[in-house]
Amino acid sequence: MDLTREPDPTALNGDTPTMRLFSLLELIAAKDQLVSLQGLVEETGMPKPTLHRMLQQLEAAGLLIRQADGRHYGTGARLRRLAENLLLNATHHGARHAVLRNLVEELGESCNITTLSGNEVVYLDRVETPEPLRFYLRPGSRVPVHCSASGKMILSQMSPAQRRKLLAHAPLKQYTPTTVTELDALEEEFKRVRRNGYALDDEEFLPGLVCVAVLVPGRANLCVAVQAPVMRLTPDKALQLLPALQRAAEAIARVESEGTPAADL
């Protein structure tokens, strides 16, 4: 057996030019790093002029963005909005929402489902507490990745190199006196989060707001979280809510993988 043989090229499947463009977009979106024209030529085996023309078309459509060095490409804002809209308006949204609604009824506090988009956390769904004192955030709202419970939970699943690359381009703003903005200190926090299996936001984003988040099993980019004013939800009390959060996360994992009807949850 020849162990030095080069791997077979990744074919860009599609019966039409449009579908081959889509295939190239899928290939790029599946990577956790920027791509170059030469790298794509080597990976796909396609002629450089053809791939260059395809990249130009995707860039002109806002689906890809060319980096400042002029050689590397990453996903564009239009493609990220498409991904967010798919998650926000998926056909199983009603089932996810039912899980969230039941969780709020059990815990009595606002709960949300979140994901990472670029260097921010996006609220895919949210159910508010009936309590009159609350922090109101609607689906589609964005919060900073470095000082939110969901952001820290998702970042903890990445490699240190991936995290540093993302945070190097994120505005690590000091929102409150307890916001951590130093990269080494954040790295230690991410290690603790991964080890513990949950993340806390102890008034790090908004004064008076405490939040705890867990990961949806099998989904490195999807969280369930509960948040409330600190007079009702201290960090110690937040940890007592972990079993309910984890049960909800498991139910959402079933919805995501099987399309479980809300009535069965």
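How much space lies in the largest cavity? In this predicted model, the largest cavity holds about 100 Å³ of space. Its lining is formed by 16 residues, of which Y123, V143, S148, C211 and Q227 lie closest to the cavity centre. A search of the whole structure finds 2 cavities of 30 Å³ or more.

The lining of the largest cavity draws on both strands and a helix. At least two lining residues come from each of β4 (110-117), β5 (120-127), α6 (149-155), β8 (209-215) and β9 (222-229). By residue class, this lining comprises 10 nonpolar, 5 polar and 1 charged residues.

Attention may now pass to the nonpolar cores. The largest nonpolar core has 30 residues, and the members that touch the most others are L103, V212, V224 and L245. Two or more residues of this core are given by each of α5 (93-107), β4, β5, β8, β9 and α10 (242-258). Of these elements, α10 provides the largest share, with 8 residues.

The surroundings of V224 illustrate the packing in detail. Beyond its neighbours within four places in sequence, V224 is in contact with L100, L103, N112, V212, A213, V214, V216, L245, A249 and I252. Among these contacts, L103, V212 and L245 are, like V224 itself, residues that touch the most other members of the largest nonpolar core.

Note on methods:
Residues numbered from 1 in each chain as written. Predicted model: local features only at pLDDT ≥ 70, side-chain atom pairs only at ≥ 80, totals over all residues. Heavy atoms only, no water. 1 Å grid on protein atoms, 1.4 Å probe; cavity = no way out; pocket = protein on both sides within 12 Å on 5 of 7 lines; lining within 4 Å. Points joined across faces, edges and corners; volume = space filled by probe spheres on them. Helix = DSSP H or I, 4+ residues; strand = E, 2+ residues; numbered from the N terminus. Nonpolar A, V, L, I, M, F, W, Y, C, P; charged D, E, K, R; others polar. Core = buried A, V, L, I, M, F, W, Y, C linked by side-chain atoms within 4.5 Å. Buried < 20%, exposed > 50% of the residue type's maximum accessible area, 1.4 Å probe, protein only. Contact = heavy atoms within 4.5 Å.
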